[in-house]
Amino acid sequence: MLTGEGKALDGRDFLRQSRGMNPLEIAASALLLVNIALVARRSIWNYPFAIAAVSLYAVLFFQTRLYSDMLLQGFYVVLNLYGWMNWTRSKADAGEVVVLTLRWPARVGWLAGCVALTGGWGWLMHRLTDAALPWWDAGVAMTSVAAQILLSRRYLENWVLWIVVDIVAIPLFAVRGLWPTAGVYVILLGLSIWGLIDWNRAHAARRAAA
């Protein structure tokens, strides 16, 4: 494993960093786990946990100079409020949070948008700030934005993007020494796979009943 300076971490270094874990990071990680577990179950109550988690992460990412992720948290607050209203409306109308799916042209469009936004935002962070790992950080941030929008709008494909985000984010946070967050993203990867399977099952069941 590498540190932010590119030096190898041995077991003693890892233990020293683990003992010095930031309580803010631990609290944010715990809230995020609860949030995603509730999202996978299509529970509207995921949103209060989400808003609390992103607020704490905004402070944490500022401290570690991951500015793309820091700015992303403010956007997440807005998206979570929107998602909360959207899910509540769906449950009121249909008795449940209805899962939707995108057509293939829309899927290609969202993917192309993620690539373009990553390139543009990464360039800005590289040129205008002292951001650590600006391109890598931008990829996580911009794909997360797309995934959160799709989640707020109840589209199944959000889970595919979250799986990609989790896979890329795990080494990013480990490199920056955010060990609890890296560990949480390992768990989030499993929860995202579970969410994809569960939402796909719910969507199939609703289509079969229609």
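Start with burial: buried means under 20% relative accessible area, exposed means over 50%, and partly exposed is in between, with a 1.4 Å probe and protein chains only. This is a predicted model, so the following applies: local features need pLDDT of at least 70, side-chain atom pairs count only at pLDDT 80 or more, and totals for chains, interfaces and linings use all residues. Residues are numbered from 1 along each chain as its sequence is written, and side-chain values use heavy atoms, with hydrogens and water left out.

With that cut-off, Arg154 is buried, because its relative accessible area is 12%. Arg154 sits in the loop between α6 and α7. Those labels come from DSSP: helices are runs of H or I with at least four residues, strands are runs of E with at least two, and numbering goes from the N terminus. Arg154 is not a glycine, yet its phi is positive, about 70°. Most residues other than glycine have a negative phi. Arg42 also has a positive phi, about 55°, without being a glycine. Arg42 is in the loop between α2 and α3. At a relative accessible area of 21%, Arg42 is partly exposed.

Now helix α4, residues 67-94. The expected span of a helix is 1.5 Å times one less than its number of residues. For the 28 residues of α4 that gives 40 Å, and the end C-alpha atoms are 40 Å apart, so the two agree. After α4 comes Gly95, with a positive phi near 85°.

The buried residues of α4 include Tyr67, Leu72, Tyr76, Leu79, Trp87 and Ser90. The elements covering the buried residues of α4 include α2 (23-40), α3 (46-63), α5 (104-128), α6 (134-152), α7 (158-175) and α8 (179-209). Cover is judged by contact, meaning heavy atoms within 4.5 Å.

Helix α2 has 18 residues, and its first and last C-alpha atoms are 26 Å apart, close to the 26 Å expected. Among its buried residues are Glu25, Ser29, Leu32, Asn35 and Ile36. The cover over the buried residues of α2 includes α3, α4, α6, α7 and α8.

What does Val184 touch, not counting residues up to four places away in sequence? The list is Ser29, Leu32 and Leu33. Val184 is in helix α8, and at 6% relative accessibility it counts as buried. Val184 and Ser29 are 155 residues apart along the chain, but their C-alpha atoms are separated by 6.2 Å.

Next, empty space. Rolling a probe the size of a water molecule over the atoms shows where such space is left. On a 1 Å grid over the protein atoms alone, a cavity is a set of points where a 1.4 Å probe fits but cannot get out; a pocket is an open set with protein on both sides within 12 Å along at least five of seven lines; and lining residues have an atom within 4 Å of a point. Grid points are joined across faces, edges and corners, and a volume is the space filled by probe spheres set on the points.

How many cavities of 30 Å³ or more are there? The count is 1. The largest cavity has a volume of about 300 Å³. It is lined by 23 residues, with Leu32, Ile36, Tyr76, Trp162 and Tyr185 nearest its centre. The largest share of that lining, 5 residues, comes from α4. By class the cavity lining has 15 nonpolar, 6 polar and 2 charged residues. Here Ala, Val, Leu, Ile, Met, Phe, Trp, Tyr, Cys and Pro count as nonpolar, Asp, Glu, Lys and Arg as charged, and the others, Gly among them, as polar.

Trp162 lies in helix α7 and is buried at 11% relative accessibility. Beyond neighbours within four places in sequence, Trp162 is in contact with Tyr76, Ser144, Ala147, Gln148, Leu151 and Ser192.

Last, the largest pocket, with a volume of about 220 Å³. Two or more lining residues each come from α5 and α7, and α5 gives the largest share, 5 residues. The pocket lining has 9 nonpolar, no polar and 2 charged residues.
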